[in-house]
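This note sets out points on the fold and on the charged contacts. It is meant to be read beside the sequence and the coordinates.

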Amino acid sequence: MTKLRGLMLLMAGISGVAALAPAAAKDADGKPRVLVFSHTTGYRHASIEPGIAALQGLGAREKMTIVATEDPNVFSEAGLRDVDAIVFLSSTTDPKKPESEWFQGARREALQAFVHRGGGVVGIHGASDSHYHWPWYGRMIGGHFARHPQGTPEGEIHVEDRRHPSTRSMPERLRRVDEWYYIDDYDPRSKLLVTLDPASIGEKDANPNPMSWTREFEGGRVFYTAMGHTDASYREKAFLDHLAGGLKWVLKKK
């Protein structure tokens with residue numbers, strides 16, 4: 001009986017070591033863990049898959065561990081425990097169908113707790129076309145998608161702040177092709193990084209259109225870019241550097 005008890009304790013000890021192995025490995029390599037979430041119940045962007053591949057490439061380049069999922073159940077205390085930043089990659093919902101919104105109950109609480117403990121959030125393109133019936137989400141992002149002109153015309157963007165990591169390598173003005181979002185309820189307290197010249201895409205309004213910004217929100221850092229609709233975006237050096245810089249900023253990396 002004594003030998004059996006000793007064997008059981010030994011096996012329990014081995015199991016305990018195995019259970020701790022993932023966290024120990026994460027601490028050993030020192031890489032930030034970034035969750036890329038691209039679940040959709042609204043419009044599904046064809047650029048999501050190229051976007052995931054591009055973010056995985058950025059992770060290798062910038063020494064980040066990229067974990068991609070479309071399972072909303074990841075939003076739990078356990079699911080976000082080792083996550084340092086979340087990327088919402090065109091994770092749309094249907095504004096006319098509140099039931100299409102997966103952030104409900106404990107999932108909302110998990111995301112809020114993540115932000116409150118200083119977690120980083122990156123929103124790309126359709127991330128603002130999501131959760132219209134949860135005001136906190138819109139406040140976190142800094143605005144909601146309102147509309148876009150037809151098609152993907154070439155437009156001219158202007159870098160408002162070239163000192164930020166996400167814009168440091170971009171020229172002051174750049175012409176590129178994308179689907180150009182107009183944003184409702186843009187929060188002017190955000191730090192505006194990039195704007196679109198509406199005249200460059202044939203729009204009549206004269207005011208620069210916010211395209212990218214950062215914000216400090218309830219303990220966390222948020223970076224959002226309305227660009228990233230096209231597959232080609234995820235092959236553009238300027239856009240990829242833009243995303244990499246945004247990730248570094250929310251992770252508080254230089």
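How exposed is Arg61, in terms of relative accessible area? The model is a predicted one, and in it Arg61 is partly exposed, with a relative accessible area of 42%. The points below begin with this residue and its partners and then turn to the sheet.

1. The side chain of Arg61 meets that of Glu62 in a salt bridge, with 2.8 Å from N to O. Whereas Arg61 is partly exposed, Glu62 counts as buried at 14% relative accessibility, because the cut-off for buried is under 20%.

2. Glu62 also forms a salt bridge with Lys248, where the closest N and O atoms are 3.1 Å apart. Lys248 belongs to helix H5 and Glu62 to helix H2, so this pair ties together parts of the chain that are 186 residues apart in sequence.

3. These contacts belong to a network of salt bridges that links Arg61, Glu62, Lys237, Asp241 and Lys248. The count for the model comes to 17 salt bridges.

4. A further salt bridge joins Arg44 and Glu70, whose closest N and O atoms are 2.8 Å apart. Here too distant parts of the chain are linked: Arg44 sits in the loop between S1 and H2, Glu70 in the loop between S2 and S3, and 26 residues separate them. Arg44 is partly exposed, with a relative accessible area of 31%; Glu70, at 31% relative accessibility, likewise counts as partly exposed.

5. The sheet is open and has nine strands, in the order S2-S1-S3-S4-S11-S10-S9-S6-S7, with mixed pairing. Strands S2 (65-69) and S7 (173-177) stand at the edges with a single partner strand each, so one side of each has no neighbour in the sheet. From one strand to the next, the twist averages 20 degrees.

6. Within this sheet, strand S1 (residues 33-37) pairs with strand S3 (residues 85-89) in the parallel sense, over four bridges. Phe37 has Phe88 in S3 as its bridge partner.

7. Both helices of point 2 lie across strands of the sheet. Helix H2 (residues 48-62) lies across S1, S2, S3 and strand S4 (120-124), and runs at about 155 degrees to S3. Helix H5 (residues 237-250) lies across S1, S3, S4, S7, strand S9 (191-196), strand S10 (209-217) and strand S11 (220-225), and runs at about 165 degrees to S11.

Terms used: Residues are numbered from 1 along each chain as its sequence is written. This is a predicted model: local features need pLDDT of at least 70, side-chain atom pairs count only at pLDDT 80 or more; totals for chains, interfaces and linings use all residues. Side-chain values use heavy atoms; hydrogens and water are left out. Two strands pair if DSSP finds at least two bridges between them. Helices (H or I, at least four residues) and strands (E, at least two) are DSSP runs, numbered from the N terminus. Axes are lines fitted to C-alpha atoms, for helices over the stretch in contact, and angles run from 0 to 180 degrees between N-to-C directions. Contact means heavy atoms within 4.5 Å. A salt bridge is a side-chain nitrogen of Lys or Arg within 4 Å of a carboxyl oxygen of Asp or Glu. Buried means under 20% relative accessible area, exposed over 50%, partly exposed in between (1.4 Å probe, protein chains only).
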